[in-house]
Amino acid sequence: MFSRLREDIDNILHKDPAARNRLEVFLCYPGLHAVWWHRLAHVFWGYGCITLARFISHLGRLLTGVEIHPAAKVGRRVFIDHGMGVVIGETAEIHDDCTIYQGVTLGGTSLNEGKRHPTLESGVVVGAGAQVLGPFTVGANAKIGSNAVVTKAVPAGATAVGNPARIVVKDSPAQATDRPPTPMPSREEFAAYGLSKNGDDPLIKAIHGLIEQAIAQQQRIEHLEGQLSDGKQGATLPGKDCEELKALNKLVDD
């Protein structure tokens, strides 16, 4: 038991640069306390003490601001950062090494019994305020951006952002298969709040394509205008409209 407690504390020291020592983490991290309360409630739930398990879970919610149903399955080294407002439903499953930020809901969209809540595979990061709703799987090492609303499966290694969520980055099948989840990713590899740098966002790619097409058309128009006015062959220098379009192209990336 004590080895598990130390493992949880060391995991937070690794992932959070604001954590400076084990005593500070032990005393001051409500997300850590919420996981410990849940483990106790989950034990009683497993023995069939439903009301007692729910009461322990309720106490944990009052003390930490994190609501985890005692039937939910939570793996090892799960880090709930800040914690306030996190809600994890009854049939949710959180595998090892996941990170969840404040305001996240792992919720259900059905009133039927059975699997209603999402499954997070190993290494998933869920950003602040994200809503992951439904009985689907978020693949290993995937990232959910802050305030995203996810209602369908997210492939392993992908990043989902927006409302409704769209896939921003996806590893090739070989990369997703060959790269196992790492229990302790480096701080450079860890994506806080589910943000990925240089994301290959399909919406941004579409906007770039439209702007490039507009630039090409503008250049063609200027070329034809030059031929009509001067009677000369060859392209003219880019005009003001073309330069404005190129500036807009850079603005999309910023």
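Me: How much accessible surface does the chain have, and what percentage belongs to carbon and sulfur atoms?
Reply: This is a predicted model, in which local features need pLDDT of at least 70 and side-chain atom pairs count only at pLDDT 80 or more, whereas totals for chains, interfaces and linings use all residues. Residues are numbered from 1 along each chain as its sequence is written, and side-chain values use heavy atoms, with hydrogens and water left out. By the Shrake-Rupley method with a 1.4 Å probe, the accessible surface of the chain comes to about 14200 Å², and the part belonging to carbon and sulfur atoms is 58%.

Me: Which elements are included in what covers the buried residues of H1?
Reply: Helices here are DSSP runs of H or I with at least four residues, and strands are runs of E with at least two, numbered from the N terminus. Buried means under 20% relative accessible area (1.4 Å probe, protein chains only), and the buried residues of H1 include Ile 9 and Ile 12. With contact taken as heavy atoms within 4.5 Å, the cover includes helix H2 (22-28), helix H3 (30-46), strand S3 (79-80) and strand S6 (99-100).

Me: Which are the edge strands of the open sheet of 5 strands?
Reply: Two strands pair if DSSP finds at least two bridges between them, and the order S1-S4-S7-S10-S13 has parallel pairing. Pairing on one side only marks the edge strands, which are strand S1 (67-68) and strand S13 (149-150).

Me: Which residue in S13 stands opposite Gln 131?
Reply: Strand S10 (residues 131-133) pairs with S13 in the parallel sense over 2 bridges. Opposite Gln 131 stands Val 149.

Notes: Buried < 20%, exposed > 50% of the residue type's maximum accessible area, 1.4 Å probe, protein only.
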